[in-house]
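This briefing goes through one protein model, topic by topic. Please keep the sequence and the 3D view open while reading.

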Amino acid sequence: MKVMRLPGLAFILLLQGCNISAPAPGPDFPTSEMADIVFYNGTVITMNEDYPEGQAIAIKGKKILGVGTSLQALATANRTTQLIDLKGKTIMPGIVDAHTHVFNDRDRFGLDLPGAQELLFKNGITSLGNLFCTEEFVAEMRAFEPLLKVKTSLFLTKTFPCGEIQDSWYHGYPATRTPGEVLRINGIKITADGGTCGGMAVSEEFIPGTTGLGDLWHTQDEINAMVLEADKAGYQVAIHAIGDRAIEQAQNAIAYALDGRPNVLRHRIEHNSAIRPDLIPRYSEFGIIPVIFGWKKICDFYPRSPFYEAADFPYRTLIDYDPDLPVAWHGDDPYRGPVNPFIELHSMVTRTEVSETGALCTPPSWLAAQTIPVQTALKLMTLNAAYSLFRDDETGSLQTGKYADLIVLSANPLTIDPQDIHGIEVQLTMANGEIVYRLPASGL
Ligand SMILES: [Zn+2]
């Protein structure tokens, strides 16, 4: 009976003027299950290489039934299905921020935990890594868990920002990898150099005669021992390393712990601002995930020594060296300015930047050479960031069986003038199949 009724529904929508024809139908679309919500008549950027773009998406419960043409998606609708006409708008996966502090530094925004979650959803972030977690913070998040909807992965603090080594308190909190769990312990965080406290550890001065060589907090033996101990206990390790001396030390420590084995625990290096050219191949050699910044703050730019013009934010060079390396994006908010992934995307794609006052700043030529193609930058902010959090089986792309974490945008980042990307607005956010944010003026 359903089969008879549903083409009728699609036919009525066709008469209403919807464009429901599309060249390529989506794969794996179920024929027997009915959707709770269908978004149709738009563009769906899937981040799924087998089916990069559809017109519509059908949701059942917390998960995606299928992505395909409007006709396919509407065929999964019945009388109780909520139909949302996108009117040509774009859907993409919810943003995954591999490393942020919006929850643990919510006071800086004047927010409580529910308020911080609202701020994340308003900006399209549906999954994140929280990279500063004391035992007290873990207890706060566990108390908030019944209301938590952002997929949150915790990295427990082994060393503080000035390098103070803590005991192995995290052994009371084993790492978990259960698909679909909203709150999860992923691993531990080690801080190798300055940045938050003191200066990044570099091989040569950024500005000769003035900036110094920064602070490396640990000896190689100390950091080797910390990474090895955590690796043996099954924890993913995230090492803060901004300057090249710290990056080299972090790479060495991960290589030491792996001892020739593949990096199955997905140990990562955070920030990676100043990567000396000789360090670039070593991420691939050991399978280490680089977690990189989008926004650089070039508006208050200061000059570099020629040595660092070739080594500061060399992210296009890194990606071109090994396109299969799962480079992940992080916002590191609130330390890096506004919580706005589209300002970050704009920055990665153009290297032009929007300042905190809204002015556009143009990059110096060495930085302008490091623009990242928009499709690649989107992958850094979705699928690759999800991989860095062990969530790539759950989220980061839109395809049958994954959780329905998605956002509706005012414009398509793949087709808009790149210089306008920063103005893209998140109009609706869905997490686990639930609409958790809707811009009132969007008409959605
Ligand atoms: Zn951070």
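The model is predicted. Its chain is divided into domain 1 (2-93 + 402-442) and domain 2 (95-388). An open sheet of eight parallel-paired strands is present, and a zinc ion is coordinated by two histidines and an aspartate, namely His99, His101 and Asp332.

**Domains and their interface**

- Domain 1 is made of two segments, 2-93 and 402-442, while domain 2 is given as 95-388.
- The C-alpha centres of the two domains are 32 Å apart.
- Contacts across the boundary involve 24 residues of domain 1 and 27 residues of domain 2.
- The size of an interface is often expressed as the accessible area lost when the parts come together.

**Met47**

- Most residues other than glycine have a negative phi.
- Met47 has a positive phi, near 60 degrees.

**The eight-stranded sheet**

- The strand order is S8-S9-S10-S11-S12-S13-S14-S15, the sheet is open, and the pairing is parallel.
- Strand S8 (95-100) and strand S15 (328-330) form the edges, each pairing on one side only.
- Neighbouring strands are turned against each other by 25 degrees on average, with direction ignored.
- Strand S11 (residues 183-191) and strand S12 (residues 236-241) run parallel and are joined by five bridges.
- Within this pair, Ile188 stands opposite Val237 of S12.

**Strand S12**

- Six of the six residues of S12 are buried, so the strand is largely enclosed by the rest of the structure.
- In a regular strand, side chains alternate between the two faces of the sheet.
- In S12, Gln236, Ala238 and His240 are buried on one side, and Val237, Ile239 and Ala241 are buried on the other, so that both faces are covered.

**Strand S13 and His271**

- His271 belongs to strand S13 (residues 268-271).
- Its phi is positive, about 85 degrees, although His271 is not a glycine.
- With a relative accessibility of 3%, His271 counts as buried.

**The zinc site**

- The zinc donors are NE2 of His99, NE2 of His101 and OD of Asp332, at 2.0 to 2.2 Å.
- Along the chain these donors follow the spacing H-x1-H-x230-D.
- Both histidines of the site, His99 and His101, are buried.
- His101 lies in the loop between S8 and helix H3 (113-122).
- The relative accessible area of His101 is 5%, so this residue falls under the 20% limit for buried.
- Leaving out residues up to four places away in sequence, His101 touches Arg106, Leu131, Phe132, Asp332, Asp333, Pro334 and Tyr335.

**The cis peptide bond beside the site**

- Two of the residues that His101 touches, Asp333 and Pro334, are linked by a cis peptide bond with omega near 10 degrees.
- Most peptide bonds are trans.
- Pro334 is located in the loop between S15 and helix H10 (341-350).

**Pro25**

- Pro25 is found in the loop between helix H1 (2-15) and strand S1 (37-40).
- At a relative accessible area of 55%, Pro25 is over the 50% limit and so is exposed.
- Apart from neighbours within four places in sequence, Pro25 is in contact with Tyr51, Thr69 and Gln72.
- Pro25 and Lys151 are separated by 126 residues in sequence and by 30 Å in space, C-alpha to C-alpha.

Definitions and conventions
Residues are numbered from 1 along each chain as its sequence is written. This is a predicted model: local features need pLDDT of at least 70, side-chain atom pairs count only at pLDDT 80 or more; totals for chains, interfaces and linings use all residues. Side-chain values use heavy atoms; hydrogens and water are left out. Two strands pair if DSSP finds at least two bridges between them. Helices (H or I, at least four residues) and strands (E, at least two) are DSSP runs, numbered from the N terminus. Axes are lines fitted to C-alpha atoms, for helices over the stretch in contact, and angles run from 0 to 180 degrees between N-to-C directions. Donors are N, O and S atoms within 2.8 Å of the metal (3.2 Å for Na, K and Ca); water is not among the atoms, so sites may look incomplete. Buried means under 20% relative accessible area, exposed over 50%, partly exposed in between (1.4 Å probe, protein chains only). Domain bounds come from an automatic or database domain assignment. Contact means heavy atoms within 4.5 Å.
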